[in-house]
Amino acid sequence: MQYRLIIILFFVFVSSLSAKGQPVNEYGKLDVDGLHLKDEHNQDVVLRGMSFGWHCFHPRFYNGGAVDWLYKDWSCSVVLAAMGVEPKQGYIDKPEWSVDKVKAVVDAAIKDGIYVIIDFHSHNIKLNEAKQFFGEMAATYGRYPNIIYEIFNEPDYESWDSVKLYSNEVITTIRKIDPDNLILVGCPHWDQDINLVADAPLQHVTGIMYTMHFYAETHKQQLRERCDYALSKGIPIFISECAGMEATGDGPINYEKWNKWIDWAEKNKISWVTWSLSDKDETCSVLKAGADSSGNWQPKDLKESGIKTRELIRKYNLKE
C-alpha cells in the first residue's frame with residue numbers, strides 16, 4: 001500500500017510539473033498595458049510560435065498531432081490558424097469545412113495549454129463574413145484564455161480609414177460575447193503602414209494590439225523605423241507573420257537580416273509568429289514534400305527555413 005501511494009504521489013508531482021510548463025497555465029489570460037503584452041500577474045509576456053499555412057491550400061496539417069508536435073518539440077507558445085477566406089475551398093466557398101479545420105487547431109492548442117491565433121486570412125474587406133465567423137468563434141471559445149483573434153490578416157490597398165471602420169465593427173461583434181481576450185488589428189499594405197496607425201489609432205477599444213509583418217530580405221531598416229515611430233506613439237505591436245527571405249516567400253534566406261529583426265523584436269518585447277507550416281515549393285514553407293501530416297518531423301523533413309525557425313523558437317522560449 002505504501003509503495004502504491006508513493007507511485008501515485010510521484011505521478012501527481014510529474015503531472016503538476018508538466019502543467020506548470022504549459023504557457024497558458026503559466027501566464028493565464030493575456031492583457032495589453034501600454035506597449036506590452038501582459039500576463040494575468042501584469043508581467044511582460046513575449047509569445048513565439050508558428051503559423052499554419054492557408055487552410056484551403058494545406059488542410060492536411062490542420063490536426064491535433066501537428067499542434068502537439070509544435071508545442072512539445074518546437075516549444076511553440078502560440079500557433080496561428082490561417083483560415084483562407086476568398087480562395088477556392090476558403091471560408092466563403094466552404095464555411096463549415098473551413099471552420100472545422102480551424103477548430104481542429106484551436107481544440108488541440110487548448111488541450112496543450114498554448115495560445116492560438118484565430119486568423120481571418122484575407123487581403124480584402126469582407127465585413128459580413130468576418131462578423132459571422134468571429135461571432136461563432138467568440139461564442140465557442142471566448143471563455144478560454146488561450147484565444148487570440150486576428151480580425152484581418154493583411155489589408156492590401158484599403159485605406160487605414162476603411163480598415164478602422166471594419167475593425168471597429170468586428171471588434172464590437174467579438175466584445176459583445178468575449179469581453180477581454182486579445183484582438184489583433186491589421187494595417188494597410190500588407191501590414192507595413194504601422195505609421196498610419198500611430199497617427200490615428202482606434203479609439204475607445206481595449207485589449208488590442210496592431211500587427212506588423214516582415215520578410216527580412218525585403219523589409220529592412222525603413223520598416224523598423226516605422227515601428228519605432230509607432231512604439232514612440234504608444235502603439236503596441238504584434239508580429240503575426242514573418243520570415244527570413246523575400247516577401248514573395250521565396251528566394252534565399254538572409255540570416256543576418258533575419259537575426260537583426262528577431263533581435264529588434266526581443267529587445268522591444270514584441271511577440272512574433274513565423275510563416276508557414278506547409279510543404280509548398282517555396283523557401284518560407286518549413287516542411288519538405290512528404291513530411292508527415294501530424295508531426296514527428298525529423299531534421300530530414302525540414303527545409304532550411306524550418307530548421308532555422310525551430311532553432312529560433314526553442315532558443316528564446318526555452319530560455320525563459
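Predicted model: local features only at pLDDT ≥ 70, side-chain atom pairs only at ≥ 80, totals over all residues.
**Notebook: a loop serine, a helix pair and a strand**

I began with Ser75, which counts as buried at 13% relative accessibility, since the cut-off for buried is under 20%. Ser75 sits in the loop between α3 (64-72) and β4 (78-84). I also looked up its backbone: phi of Ser75 is near 65°, a positive value in a residue that is not glycine.

Next I turned to two helices, α9 (residues 221-232) and α10 (residues 255-267). Their axes come within 12 Å and cross at roughly 5°. Angles under 35 degrees count as roughly parallel, and α9 and α10 are therefore roughly parallel to each other. Which residues meet here? From α9 I noted Gln221, Leu223, Arg224, Cys227, Asp228 and Leu231, and they meet Lys260, Trp261 and Trp264 in α10. I sorted the residues of this contact into five nonpolar, one polar and three charged.

Then I followed the chain into the loop between α10 and β10, where Lys269 lies. Lys269 has a positive phi of about 55° although it is not a glycine. Is Lys269 buried, exposed or partly exposed? I found it partly exposed, with a relative accessible area of 38%.

My last stop was strand β10 (residues 272-277), which holds Thr274. Thr274 is buried, with a relative accessible area of 1%. Beyond its neighbours within four places in sequence, I found Thr274 in contact with Gly49, Met50, Ser51, Cys242, Trp258 and Thr309. Ser276 has its place in strand β10 too.

Note on methods: Residues numbered from 1 in each chain as written. Heavy atoms only, no water. Axes fitted to C-alpha atoms, helices over the stretch in contact; angles between N-to-C directions. Helix = DSSP H or I, 4+ residues; strand = E, 2+ residues; numbered from the N terminus. Parallel < 35°, antiparallel > 145°, perpendicular 65-115°, else oblique. Contact = heavy atoms within 4.5 Å. Nonpolar A, V, L, I, M, F, W, Y, C, P; charged D, E, K, R; others polar. Buried < 20%, exposed > 50% of the residue type's maximum accessible area, 1.4 Å probe, protein only.
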